[in-house]
Amino acid sequence: MFKSGFVAVVGSPNAGKSTFINTVVGKKISIVSDKVQTTRDMIRGIYNDEEAQIVFLDTPGFHKPRNKLNVYMNQQIEMSLKSTDIILYIIDAKYGLGKKEQENIQKISEIKNVKKIVVLNKIDIITPLKVERIVQELDELKMFDAIIPVSLKEKFNQNIVIKNIKDYLVDEVKYYDEDTFSDYTDEFFVEEIIREKILQKTNEEVPHSIGVKVTNMENEKNILVISATIYVERDSQKGIIIGRAGKMLQSIGTAARKELKIEFNQPIYLDLHVKVLSNWGQKIESLNTIGYDTN
């Protein structure tokens, strides 16, 4: 019997949520970096095989809100939890069940009538004894339907996660075509790739103050021409993004263009501009301008 359903992927920043979805879907759905709060929106990644269709909802990491952007991100988590059949909670095994994870577990425990699976990620960097101890601690909570140690880096046990998810699916319809991997727009994907390259190339001062908005995207003589604006909150950040003699902006553009060329399978012309939008993360109007739907 064919089965389908929605799975909310939640956890602390950098636990491996986006990596998990990219790995099991087999395509880059969510951007990845070593910076916390890389994911800002609820992004759907769609897994298909002969037995099932699983719609994964990638979410921002659990965190305490400090501005309007953080509030928006937490709302994305809440929305995913309200519209899901299964909660897939990913834990970074390196840190175990510290205070942050205990707070997350408390939030998850308050959600009733939903199956809950724990994925204990990054077991390749801790000892088997520590893995066993964390699994035991999770089991003693008596709130999870399955506890699965994995290493996404080594692609260990991810098939076991899929098998367990299938066991709890209840729908019998296909929500998307078999060749659909996500429901985001091309413009959104471009914005995320540009933002990913900025995250990878800049230091702590900049990443959380960056927003990207595609202003134009069209084909001209078999070349995909894209114009995009990079928003920052202060003049000093604009200087960092542009770099000396424009070198940083050129580097960001080159890296983004290379990946976009592969994704769209055609030449890319990428025109990037940097604009200061003072304290945009604090203002609802500015969030809407950049493309975060706060309504």
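Me: Which residue in β8 is the bridge partner of Gly211?

Reply: A bridge is a link between strands, and two strands count as paired if DSSP finds at least two bridges between them. Strands (E, at least two residues) and helices (H or I, at least four) are DSSP runs, numbered from the N terminus. Here, Gly211 has Tyr231 as its bridge partner in β8. Nine bridges join β7 to β8, and these strands run antiparallel.

Me: What am I looking at, and how are residues numbered?

Reply: This is a predicted model, in which local features need pLDDT of at least 70 and side-chain atom pairs count only at pLDDT 80 or more, while totals for chains, interfaces and linings use all residues. Residues are numbered from 1 along each chain as its sequence is written, and side-chain values use heavy atoms, with hydrogens and water left out.

Me: In what order do the strands of the open sheet lie?

Reply: The order is β7-β8-β9, with mixed pairing. β7 and β9 are the edge strands, since each pairs on one side only. From one strand to the next, the twist averages 15 degrees.

Me: Which helix lies across β8 and β9, and at what angle to β9 does it run?

Reply: Angles run from 0 to 180 degrees between N-to-C directions; axes are lines fitted to C-alpha atoms, for helices over the stretch in contact. Contact means heavy atoms within 4.5 Å. α7 lies across β8 and β9 and runs at about 155 degrees to β9. α8 also packs on the sheet: it touches β7, β8 and β9, and its direction makes about 140 degrees with that of β9.

Me: How many residues does α8 have, and what span does it reach?

Reply: The expected span of a helix is 1.5 Å times one less than its number of residues. α8 (residues 247-264) has 18 residues and reaches 25 Å from its first C-alpha to its last, close to the 26 Å expected.

Me: Which residues of α8 are buried?

Reply: Buried means under 20% relative accessible area, exposed over 50%, and partly exposed in between (1.4 Å probe, protein chains only). In α8 the buried residues are Leu249, Ile252, Gly253, Ala256, Leu260 and Phe264. Seen down the helix axis, they fall within an arc of 95 degrees, so they line one face of α8. The arc is that of the directions from the helix axis to the C-beta atoms. Lys247, Lys258 and Ile262 are exposed, on the face turned away from the buried side. The buried residues of α8 pack against several elements, including α6 (186-201) and β9 (268-276).

Me: Why is strand β5 described as largely enclosed?

Reply: Six of the seven residues of β5 (residues 115-121) are buried, so the rest of the structure largely encloses this strand. Seven bridges join β4 (residues 86-92) to β5, and the two run parallel. From β4 the chain crosses through helix α3 (residues 99-109) to β5, in a right-handed β-α-β crossover. Right-handed means that, with the strands pointing away from the viewer, the path from the first strand over the helix to the second runs clockwise.

Me: Which strand is joined to β5 by four bridges?

Reply: That strand is β6 (residues 146-149), which runs parallel to β5. Ile117 has Ala146 as its bridge partner in β6. β5, helix α4 (residues 128-140) and β6 make a right-handed β-α-β unit.
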